[in-house]
Amino acid sequence: MPMAERDTYKYELRNGNRVVYVGITNDLDRREAEHRNEGMQFTSINKVGNITTRDAAEAWEADRIATYKENHHGDRPLYNQNDSGK
């Protein structure tokens with residue numbers, strides 16, 4: 001069985017110091033433009049860690065949202081619509 005390709009970035013959108021979105025993508029520039037076109041307000045997009053496999057990135061995304069919720073009274077980042085990122 002071939003190894004899964006490492007082609008997925010993990011990232012956070014921030015408005016100042018505040019995390020407003022947690023996501024994954026295979027193209028950071030395209031995804032940043034999509035978020036801006038959707039009307040999301042943010043000051044920076046920050047790549048988190050190294051490029052990884054899609055499965056590992058999806059697991060990180062769900063875990064990162066869960067951690068955020070634990071630290072913010074059960075609230076998700078402003079633009080995350082669900083707990084899995086999907």
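This is a predicted model: local features need pLDDT of at least 70, side-chain atom pairs count only at pLDDT 80 or more; totals for chains, interfaces and linings use all residues.
Set aside its neighbours within four places in sequence, and Leu28 is in contact with Tyr9, Tyr11, Ile45 and Lys47. Leu28 is found in helix H1, which covers residues 28-37. Is Leu28 buried or exposed? Its relative accessible area is 18%, so Leu28 is buried, the limit being under 20%. Leu28 can also be placed against Thr8. The two are 20 residues apart in sequence, and their C-alpha atoms are 9.2 Å apart in space.

Now step back to the whole chain. It has two helices and three strands. Read from the N terminus, the elements run β-β-α-β-α. The radius of gyration is 13 Å, close to the 12 Å that the globule rule gives for 86 residues, so the chain is as compact as a globular protein of that length. Along its principal axes, the C-alpha trace spans about 40 × 30 × 20 Å. Of the 86 residues, 33% are buried. Contacts also reach along the sequence. Take those with a separation of 6 or more: residues 24 or more positions apart account for 57% of them.

Return to H1. Which of its residues are buried? They are Leu28, Arg31 and His35. These residues cover an arc of only 65 degrees around the axis, which puts them on the same side of H1. That buried set packs against E1, E2 and E3. Asp29 and Asn37 lie on the other side of H1, and they are exposed.

What does Arg31 contact, leaving aside its neighbours within four places in sequence? The answer is Tyr11, Tyr21, Thr25 and Glu38. Tyr11 is also in contact with Leu28.

A search of the whole structure finds one aromatic pair. It is formed by Tyr11 and Tyr21, with ring centres 6.1 Å apart and planes at 35 degrees, so the pair is tilted. The pair links distant parts of the chain. Tyr11 belongs to strand E1 (residues 6-15), Tyr21 belongs to strand E2 (residues 18-25), and the two are 10 residues apart.

Another ring has a charge for a partner. The charged end of Arg36 sits over the ring of Phe42, 4.0 Å from the ring centre.

Next comes helix H2. It runs over residues 54-71 and has 18 residues. From its first C-alpha to its last it reaches 26 Å, close to the 26 Å expected at 1.5 Å a residue. Which residues of H2 are buried? They are Ala57, Trp60, Glu61, Arg64, Ile65 and Tyr68. These residues cover an arc of only 130 degrees around the axis, which puts them on the same side of H2. What covers them? The cover includes E1, E2 and strand E3 (44-53). On the other side of H2, Asp55 and Glu70 are exposed.

The last stop is His73. It is found in the segment after H2. Most residues other than glycine have a negative phi. His73 is not a glycine, yet its phi is positive, at about 55 degrees. Is His73 buried or exposed? Its relative accessibility is 80%, so His73 counts as exposed, the limit being over 50%.

Notes. Residues are numbered from 1 along each chain as its sequence is written. Side-chain values use heavy atoms; hydrogens and water are left out. Rings of Phe, Tyr and Trp (its six-membered ring) pair if their centres lie within 6.5 Å; planes under 30 degrees apart count as stacked, over 60 as edge-to-face and the rest as tilted. Helices (H or I, at least four residues) and strands (E, at least two) are DSSP runs, numbered from the N terminus. A charge sits over a ring if NZ of Lys or CZ of Arg is within 6 Å of the ring centre and within 35 degrees of the ring normal. The expected span of a helix is 1.5 Å times one less than its number of residues. Buried means under 20% relative accessible area, exposed over 50%, partly exposed in between (1.4 Å probe, protein chains only). The arc is that of the directions from the helix axis to the C-beta atoms. Contact means heavy atoms within 4.5 Å. The radius of gyration is taken over C-alpha atoms; the globule rule is 2.2 Å times the number of residues to the power 0.38.
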